[in-house]
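I opened my notebook beside the viewer today. Here is what I looked up, in the order I went.

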Amino acid sequence: MGHRAKNKQPPPKPLEDSTQPSPKKLGKRKAEAIDDKPSSRPAKKAKDQTKSKTKGTGKKENKKAKKQDVDAWEDVEDDEEDLKAQTKSLFRDSEEEDDDEEGLTGNLDDIEFDEWVLLLCFYNSAFLIGLSLFLSDEPLRGQAQQFDFDSDDEDDELATQQPPSRAKKSKQAERPAKIIPTASDNSDSEDDSDDEPVTMANMVAKSKALEAKAAREQALDLAEVQAAAEMEADDDFDMQDVEDADDDEDDAEADGEVFHLPTAEEREAEKNAGGPDVHVVQRRMRECVRVLQRFRKRAEEGRSRVEYTEQLIADIASYYGYNEFLAEKLFLLFPVAEAIEFFEANEVPRPVTIRTNTLRTRRRDLAQALINRGVNLEPIGKWTNVGLQVFESSVPIGATPEYLAGHYMLQAASSFLPVIALAPQPGERVLDMASAPGGKTTHIAALLQNTGVVFANDANKARTKSLGANVHRLGCKNVVVCSYDGREFPKVMGGFDRVLLDAPCSGTGVISKDSSVKVNKSERDFTLLAHLQKQLILCALDSVTPDSKNGSYVVYSTCSVTVDENEAVVDYALRKRPNVHLVETGIGFGVEGYTSYRGKTFDKTVQLTRRFYPHVHNMDGFFVAKFKVEKRSKKVSGEKETKGGEVVENGDGENAEGEKVEFDEEEDRPYLEESKRRYLKSKGLRVPPRTAAAKA
């Protein structure tokens, strides 16, 4: 027998067999079963027994059950009492048998007729319960109440007036306990009258009430401000003493002993023993700084400030590797705490920066090209539109195709500043007196847009090779390279619109690049450098023509931070050239120059100069000053002026009243002899004795 024939179902039975009346009276029997609780249990067992029959008989019985269900629907009576009783029994049975009963499984055809009735009763009872709750919701809620949140007593009264609800009250619905009392708890008649409408009768009263309320609030605010000010004053008065005591206790606990400043004999013995330990030097420097900041309270009895300062300078020279002369010279430039920061900053290298050559490319395009090559960079700052700072690079930054093509120049950020201050205009004649290796020269050429002329001079002829190479690589076509001593330049060539003098200096601002400066500079070096710088700045001022259309300017800059090479030289130039004065540099940041330093007083306009420090601006130490050269005032022949500036004689030898004025030789002879004596004395010659007229 084939597979299909084997599983083929037998033909259905004739309809006469299914027309027999059902032996069960479903409607009446179900109502009786509700009254009798145990009757629902055997029905479930009968169902389980039917499920254990074979598949073939199960299919036949399913068909019979379908037919019986159709007939059974007609016998069901929709009695409200029966439905309520069924609902009660349903929930009662479900509560008792939840743990024992199993869920209905299988097809809908497997469900017995009794179970269909149970499902129908469940849905009907649920509908009736929802309908009753909906209809009874409005009476439970009652009339809407208007709550006043200004007082708690009224809320309590409203709570007592509300009818009790049959629903279980949640804990979240309860009124929370009062935490912070407010002004509403003590409400008075004035607060209650705020809600009244404003009329002509109560307008004056309301206005007075508002004014009184504003006055009370203002007085309260003033009292709070005064109390806060008193608290701050007390804190400021006591805080410093508390911090001092805490610092002293912490140091004593940490080290186990109180700091003792070594004497001169102890320092000499320590030096002969090979020098102190590094940790000892660090602690001693820290303690000396702490004592010098508040010397009166922290110093040892019988020890002077000079002793602490000498010890600190000696420790700085030992710890950082300076000679004592240079360590003292740099230490005296700053306050005590800032001096330590300066020495620390000199031990850290400055960031690598590049300058975009605008003759070849734009900064945006250059940055994108370098980023594609694995260079991590970003703009230096808002003060320059051509600088980029390089953080890291997977390729040599000085050997990229862009570098060889002249798209950028490796240049320190501080070297941008003199050219920014000079601000050359297209078509001008510019002189760079000390130009090698060409960073500032090519920057000037880029700002001129290859117009005008740039004379790039350097006294060292060997350095002009690198200067010429950079000029060619960056495509500067308006540069003339020459090698003269800068002190000869006014005789060689003059008439420039602007001059840049980046004078040779001690290099105390670039110690992070050249650490040899720490030990190879002496007092004689600073004296010679200052003398050379004074000569060069006078030559630079004389090389400028005062007839320039855009103004005649000279920028003086050094990579040093000492006063001898910066403010002293600028003050000397102002005294020697009365037609020159200082102007703003045009740089938006930097520290003002010194107007007085260790007993020396400079011109008040020296504060227009700018200083840059590594620990403040994260660039090399630098100094920039900008001069403006004007025409010299010429005196008309025959005119004489008194100290007050009044002209006493005109060109014809007559005074303002028209009287003839003659030259009196006897009156002027003492002044002429005194001048001659000073001249001979300055030359080291024998000075003749004064005459009687000169003594008079």
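**Ground rules.** I am working with a predicted model, in which local features need pLDDT of at least 70, side-chain atom pairs count only at pLDDT 80 or more, and totals for chains, interfaces and linings use all residues. Residues are numbered from 1 along each chain as its sequence is written, and side-chain values use heavy atoms, with hydrogens and water left out.

**Whole chain.** I found 28 helices and 17 strands in the protein chain; these are DSSP runs numbered from the N terminus, helices being H or I of at least four residues and strands E of at least two. Of the 696 residues, 33% are buried, meaning under 20% relative accessible area with a 1.4 Å probe, protein chains only. I also looked at contacts (heavy atoms within 4.5 Å). Among those with a separation of 6 or more, 69% come from residues 24 or more positions apart.

**The sheet.** I traced an open sheet of four antiparallel strands, ordered β2-β3-β1-β4. Strands count as paired if DSSP finds at least two bridges between them. β2 (375–379) and β4 (408–410) are the edge strands, each pairing on one side only. From one strand to the next, the twist averages 35°. How many bridges join β2 to β3? I got five, with β3 covering residues 387–393. Helix α17 (residues 363–372) lies across β1 (352–356), β2, β3 and β4, and runs at about 155° to β2. Angles go from 0 to 180 degrees between N-to-C directions, and axes are lines fitted to C-alpha atoms, for helices over the stretch in contact.

**α15 and α16.** Helix α15 (residues 324–331) packs on helix α16 (residues 336–345) at about 125°, with axes 10 Å apart. The two are therefore oblique to each other, the class left after under 35 degrees (roughly parallel), over 145 (roughly antiparallel) and 65 to 115 (roughly perpendicular). Ala327, Leu330 and Phe331 of α15 meet Val336, Ala339, Phe342 and Phe343 of α16. I sorted that contact by class: seven nonpolar, no polar and no charged residues.

**α24 and α25.** Helix α24 (residues 523–542) and helix α25 (residues 567–576) pack at about 45°, their axes 10 Å apart. That makes α24 oblique to α25. On the α24 side I listed residues including Ala530, Gln533 and Lys534, and on the α25 side Ala568, Tyr572 and Lys576 among them.

Technical notes:
Ala, Val, Leu, Ile, Met, Phe, Trp, Tyr, Cys and Pro count as nonpolar, Asp, Glu, Lys and Arg as charged, and the others, Gly among them, as polar. Buried means under 20% relative accessible area, exposed over 50%, partly exposed in between (1.4 Å probe, protein chains only).
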